[in-house]
Amino acid sequence: MRARFPVPEFPAGTRAEVVLGGAEPRAYTLDPARKWTLHLIPHVHLDVGYTDAQGKVLELHSRNLDRALDALDRDPGFAFSVDGSLIVAQYLATRSKERAARVLEALRSGRLSVNAFHSLFLSGVASLEEIYRAAYLAAELRDRHGVPVAYANLTDVPSYSAAIPSILGALGVEGFVGIQNHHRGANADSDLQHLLSPVMWEGVDGTRVLTHFSDTYSQLRFMAGDPQSVEGGAHALCRLLARYERPGYLPHDLAIIGTHADNEDLADGDAGFAARWNAAYAFPTIRVSTMAAYLDAVRPLAGRLPVWRGDGGSYWEDGVGTGAVIVAEHRRAQTALPAAEGLAALVAHADPAYRPNRAALDAAWEGRCSAPSTPGPGPTRSPTRTARRWRTSSTGSGTRCTRRTGRRWTRAPGVEPARRTGRDAGADAAGAQPAALGPRHRGRGRGAARHGVPAGVGGAVGVRGAAPPAAHRARRAGLRLPRRPDRRRPHPRPGRGGRHDPRGNRVRRGRGMAAGAGAADDRAVGGDARPRHRGRARPAAPPDRPRPDQRAARRGAVRAQRPRVPGRSGTRRVPTHPAHPHTTIAGRLPGAERPELDVFPAATTAVGLRRTYDGWRLRTTGSAPSLPYVETDVLLRDGSDRVDVVVRLEKERELAREAVYVAFPFAADRPRFRYDRQQGWIDPAADHAPGACQEWFTTQYGVVVEPGTGADAGGGAIAWTSADAPLFTAGDIVRGAWPERFEPASGAIFSWVMNNYWPTNTPPEQDGSLTLRYAFAPLPAFDPVAAGRLGREVRAAAMVSEVTRLDKFDTGPRPLDAGAASLLDLGLPEWAHATVAEPRDRKGLLVRVQDLGGLGGDTAAPSGPCRAVPGRRERGPRGRGRRARRALAGDHSQAGPPRAPGSRTRKARP
């Protein structure tokens, strides 16, 4: 029984006696809790297309701004945080001048605050240029309307790239709020970042950004009920603050993020909760704030806050496998659009009669910012196909603009040599559909899921489980089938915090509950060319894992039981973080078993070996379950050690949970893996933060695998790149282990091309054709410059457009020397990568240089008049290259004065 009653304020060490009935009095020493200020941050998550059609979602958020303006008039203490600059841009485009002026004034006054980012994106999939472009709308609000842009936030994703702080530092953004959703995206260590927040998040180059990691959004509703009650708040807020009431926690301010969920009407809320609470309790005080106001409150402690280091991995990025064709086109547009923009700028620079089509390019970049939205489960089925079509359209807009721009400028009079743009040119390849598949780890119908895994380089894998077609059609029609005792059903989905194992049984939550035991099967799939037999694997958890403090809520997971590799301890640098209190996540592990997995390497046969102009080509063909046709072309080049692999797949529609992999079984004992982010390279064994995803990863341009520490160290390395499929696994396929550490079983790399693991807002099956491009090359040791170059050369092949008599009547041979055959020669060293664009003021060229090696060096500026660009050389340790960029998408701002012609040298200090 719990009783609450008011007492006057008392000092520390106060003696008190408690008497219950006629019992003997008991003496206690009382110490008062700190006088907390809770920043309640009203906020509605923008997830375009997740709950309804895109137009309706955007109008709903515009209407919420109308409601926020009315609330500001009624309540001087009200505040609201806008979840994306896209919302403000839509509002300004669809409301009267008077309403637009009121919103802008509220933003300038600080009663409304806006996210520096356009909208939500997956940081493991978005390119460096896309993240910079995601800040353009906010930069325009700042430059044109004087709106302060002091922070960025990403809502509803469980993990973030370690490049984010460095990018925000280059943009001039001083704060970040990570509002996470740990549904199927965490492990037992994920609570640490929440218990330490606020922190100084350190990026790959050492840049630190004031950051708050929230374990969810709509926090007040989860804690105080819906509608919120003072009694519910008294019960929940005391428990919340007890997690932070410790001597080492410095702030007296704590954020409560959100009063609403996804795309929700702001009117469906309780704006008066703070007033009712403050009338009943002196402390903790609840203040209605914005994200910017909360960060300002804790900023004076920035020099004393814990430092958070490391990468969060790519939990929800596995959702890109649900649309392999769209993702392949997205990857092509990521490289082709910057190349087309650069080509247009160079042509206009060479001949003032031309200029880039800025409106078309901006529309294409807008599509890039909109395309990589989250694929997660939603409350309705109706938006699924609409969302898919919209993402396809958004992605396709960039590709179409690229092709139009490339054709236009290559046909311009007198500039046909501009066709050759070298490494920085964009790819214009046509996309097809998915390739290798791997299973979803628990079938929707009877029987175990089946996997297909390749034998040998470039082999395809197929996995499928049975799902009754009649049941699928009924579900698509919105019908509910009665339960049949003899049929396995999908796992139950109890409410948030539910205590059920994957079979629906109640689970006791206990402090430090032990995970289920079982013998580990640590054999690497695809480690050699021998087909694997169908066998029984160690019990594992399915990939669609609930958030860790609710592991019992839907599909359970057990902790990995792999033994540590001998000799590894103490040989690598592991990020250290401050000591933390006991996490409740580790005590909620259900005793679920892993599903049975059957792995099916594609059965292939060599059909030909032929000599070509650039080397020898070997072709194999074959098939696997749900993959009736698999074709692999391997090119062994004459002039280099680079090996190119092209895989073409025909995929049949399959409703069972499945996944497709393409295997590259590299031989390496105790392997060490590194993969690249937008800036820098990540060693998951050393650079992952606590709670990071350790089972699958995403890459921008490459992965490097090399022998590990000890006697095998220094035995060379392999650089590998995937042009069309960013997901990969290291050492084994996904088995649902959800490990807290990265301990690869082999040196194999598996390109995780396709899956249908996400339950809603994505299609339940994929079919059609897909072409996948890969390459790998040996290296004497880990070399970030060579590995980065390899990926860029494969992903951004030269754009080619034939000049015919219809384009120009005089098409005779006109040999050009090296100078005439190039529109711009920057003379950059190998470690420097450059992109070119037209500045917003259309004066000169905007050249962005990225240091791929991270060690610094000298670069020569181009000859001719040029302007200084505010910003700094971006660099970092251990190959963590950065990119020079002016603050907050600065080509909206004015650059410095023109400088004298001639070549200048700048030094990038390590």
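This briefing describes the overall make-up of one protein chain and then some of its local features.

The model is a predicted one, in which local features need pLDDT of at least 70 and side-chain atom pairs count only at pLDDT 80 or more, while totals for chains, interfaces and linings use all residues. Residues are numbered from 1 along each chain as its sequence is written, and side-chain values use heavy atoms, with hydrogens and water left out.

**The chain as a whole**

- The protein chain holds 17 helices and 33 strands, where helices (H or I, at least four residues) and strands (E, at least two) are DSSP runs numbered from the N terminus.
- Of the 910 residues in the protein chain, 58% are buried; buried means under 20% relative accessible area, exposed means over 50%, and partly exposed lies in between (1.4 Å probe, protein chains only).
- Among the contacts in the protein chain with a separation of 6 or more, 77% are between residues 24 or more positions apart, a contact being heavy atoms within 4.5 Å.
- The protein chain has an accessible surface of about 36,800 Å², and 53% of this belongs to carbon and sulfur atoms; accessible areas come from the Shrake-Rupley method with a 1.4 Å probe, and for residues only the protein chains shown count as cover.

**Salt bridges**

- Side chains of opposite charge can pair when their charged atoms come close.
- A search of the whole structure finds 47 salt bridges, each being a side-chain nitrogen of Lys or Arg within 4 Å of a carboxyl oxygen of Asp or Glu.
- In one of them, Arg34 pairs with Glu245, with the closest N and O atoms 3.2 Å apart, and this pair links distant parts of the chain, since Arg34 is in the loop between β2 and β3 and Glu245 is in the loop between α9 and β10, 211 residues apart.
- Arg34 is buried, with a relative accessible area of 15%, whereas Glu245 counts as partly exposed at 36% relative accessibility.
- Another salt bridge joins Asp66 and Arg99, whose closest N and O atoms are 3.1 Å apart, and this pair connects helix α1 (residues 54-74) with helix α3 (residues 97-109) across 33 residues.
- Asp66 is buried, with a relative accessible area of 16%, while Arg99 counts as partly exposed at 22% relative accessibility.
- Asp318 and Arg184 also meet in a salt bridge, at 2.7 Å from N to O, and they lie 134 residues apart, with Asp318 in the loop between β12 and α12 and Arg184 in the loop between β7 and α7.
- Both Asp318 and Arg184 are buried.
- Salt bridges that share partners join Glu129, Arg133, Glu341, Arg358, Asp362, Glu838, Arg840, Arg842 and Arg848 into one network.

**Aromatic rings**

- The count of aromatic pairs comes to 31, where rings of Phe, Tyr and Trp (its six-membered ring) pair if their centres lie within 6.5 Å, with planes under 30 degrees apart counted as stacked, over 60 as edge-to-face and the rest as tilted.
- Phe664 and Trp720 form an edge-to-face pair, at 5.6 Å centre to centre and with 65 degrees between the planes, and the pair links strand β21 (residues 659-664) with strand β26 (residues 717-722), the two residues being 56 residues apart.
- Phe664 and Trp720 are both buried, and ring pairs link them into a cluster whose members include Phe666, Phe673, Tyr675 and Phe697.
- The charged end of Arg674 sits over the ring of Phe782, 4.0 Å from its centre; a charge sits over a ring if NZ of Lys or CZ of Arg is within 6 Å of the ring centre and within 35 degrees of the ring normal.
- The charged end of Arg792 sits over the ring of Tyr701, 4.1 Å from the ring centre.

**Backbone details**

- The peptide bond from Asp226 to Pro227 is cis, with omega near 5 degrees, and Pro227 is found in the loop between α8 and α9.
- The peptide bond from Phe283 to Pro284 is also cis, with omega near -5 degrees, and Pro284 is found in the loop between α10 and β11.
- Arg184 has a positive phi of about 45 degrees although it is not a glycine, and Arg184 has a relative accessible area of 0%.
- Asn263, in the loop between β10 and α10, has a positive phi near 50 degrees and is likewise a residue other than glycine.
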